[in-house]
Amino acid sequence: MDAFCLAAIIQELQAILPGAKISRLQQLDRWSLLLVFHRGRGQEGLLLSVEPGAPRLELLSPPRKPSVSSSRFGDFVASKTKEALIEAVEQVGLDRIMAIHMSGGPLPGSTRLTTGEAAMTLYVEMLGPASNFVLVDRVTGTVIDRLRSASGRTRGKTPEPGEPYQPLFDSGRVDPRFVKEDEFQELVRPRLAEGVEPAHVLATCFAGFSSLMATELVARSGLSTLVSLDEQARALWKPFCDLMGRVATASFEPRLIIGSNGESVGIAAFSLITVADDHQVPHSTMAEALAACHGSRDQVERPQTILAGLLRRLQSEISAAERLSAKLGQEAALYREGELHARKGQLLLANRAGIRRGQQTVELADYADSGTQLLRIELDPACSIEENAKRYFALHRKAKRGAAIVERRFEEADGRLAALRLLIQEAGLAKDLGELQRVDAA
């Protein structure tokens, strides 16, 4: 999703979000927030994701009830934005930054005794490695909180809470919406003279241009490298000017781009001459194109994601069950000595006449074990022989109880281990999403 696609979806959101109230905000995973809002009776949702390499905006109506990934940031922003009013939504510059302006909710640092409403802006920075969510106090212009303290910014550090917020613009690229022809030629001509590819010139000189749209504009120009640099710059200016005019008038033509295998490979805000017509699926809104793109990818990627997660979880559970089984085996070996405790008690009583009180050890013939001539028995010198015997009988009873418990737990652990090993086999052989979900539920 490039800046032109973002401009198209924001133009559509500007007819939906202003005046809506936020019912709740939830963090779905490390990179994603679900903003649930209502206008009148019904609830709708806006999925916001700043995942590097896969930014995502999607309208959900009605919003699904997803599994929530609780975090300090998500919980904090949820508390600050609950019942807040969405005043406006805009694109910051012609870049991949979205701003959601809100009012209402508690003032930062407010208590029950203070009054007033907060004026906040949630910035959604969809900037690759530098992607981030930043909640800003509009009155002071300072950061209230942010998703990541280190967001991969190449210019300056990520502002901390309490510090001024400055949108992460690329100072080396010009906003193309306000460029006149003379300035365009002054920017483009020197780079062309250096031998830089025209598409790369556009992508590096002007904000918002992805490689796809830069290549598209060069193709529309009919550029020939055989003509002079002035003529090349003029040839690029016409489609550039036309494109900026279509952005200014919101004359978007949302397209889903599909690959040779029929799967979605991306979206575009305009019809393209660099992509075959049968690989472009027109949609009436960018929201529909985005939903189709995500839906197509989810059909392919979701089973793979679920399978990978299942295998990790099952292997972790199997390892834990194996460790428990080994531990129970060791405990069972100890409890098997319970019969030996009983024999020690019996031998002490049978030979008490020959044992002196105060002895610490005694060796007695163990006739129950033909392989053992003498059995060494530890004694408590402060106790009588009868008391020492009672102690061994008590150890025998405890061992019998423990052995029964360990045996039961060992059977349970063994059964669980067998079930987990069967599930990991079923997960590996699953043919569709339904089978994976059944294994996941199990």
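Visitor: What share of the contacts between residues at least 6 apart in sequence join residues at least 24 apart?

Guide: In this predicted model, the share is 53%. A contact here requires heavy atoms within 4.5 Å.

Visitor: How many helices and strands does the chain have?

Guide: The chain has ten helices and 14 strands. Of its 442 residues, 43% count as buried, and its accessible surface comes to about 23,400 Å², with 51% of that belonging to carbon and sulfur atoms.

Visitor: What makes the pair of Phe 252 and Phe 270 tilted?

Guide: The ring centres of Phe 252 and Phe 270 are 5.5 Å apart, and rings pair if their centres lie within 6.5 Å. Their planes meet at 35°. Planes under 30 degrees apart would count as stacked and those over 60 as edge-to-face, so the remaining range is called tilted. The pair of Phe 252 and Phe 270 is therefore tilted.

Visitor: Why is this pair said to tie together parts that are 18 residues apart in sequence?

Guide: Because Phe 252 lies in the loop between α6 and β10, while Phe 270 lies in the loop between β11 (264–268) and β12 (280–282). Both Phe 252 and Phe 270 are buried.

Visitor: Which residues do ring pairs link into a cluster?

Guide: The cluster holds Phe 4, Phe 184, Phe 206, Phe 209, Trp 237, Phe 240, Phe 252 and Phe 270. Over the whole structure, a search finds eleven aromatic pairs.

Visitor: How do you know that the charged end of Arg 391 sits over the ring of Tyr 392?

Guide: The charged end of Arg 391 is 4.8 Å from the centre of the Tyr 392 ring. The distance cut-off is 6 Å, and the charge must also be within 35 degrees of the ring normal. The Arg 391 charge is listed as sitting over the ring of Tyr 392.

Visitor: Why is Glu 83 called partly exposed?

Guide: Glu 83 has a relative accessible area of 37%. Buried means under 20% and exposed means over 50%, with partly exposed in between, so Glu 83 is partly exposed. Glu 83 sits in the loop between α2 (72–81) and β5 (85–91), and its phi is near 65°, a positive value in a residue other than glycine.

Visitor: What makes Ala 250 partly exposed?

Guide: The relative accessible area of Ala 250 is 29%. Ala 250 is in the loop between α6 (229–248) and β10 (255–258). Its phi is near 55°, again positive in a residue other than glycine.

Note on methods:
Residues numbered from 1 in each chain as written. Predicted model: local features only at pLDDT ≥ 70, side-chain atom pairs only at ≥ 80, totals over all residues. Heavy atoms only, no water. Helix = DSSP H or I, 4+ residues; strand = E, 2+ residues; numbered from the N terminus. Buried < 20%, exposed > 50% of the residue type's maximum accessible area, 1.4 Å probe, protein only. Areas by Shrake-Rupley, 256 points an atom, 1.4 Å probe, with all protein chains shown as cover. Phe/Tyr/Trp six-rings, centres within 6.5 Å; stacked < 30°, edge-to-face > 60°.
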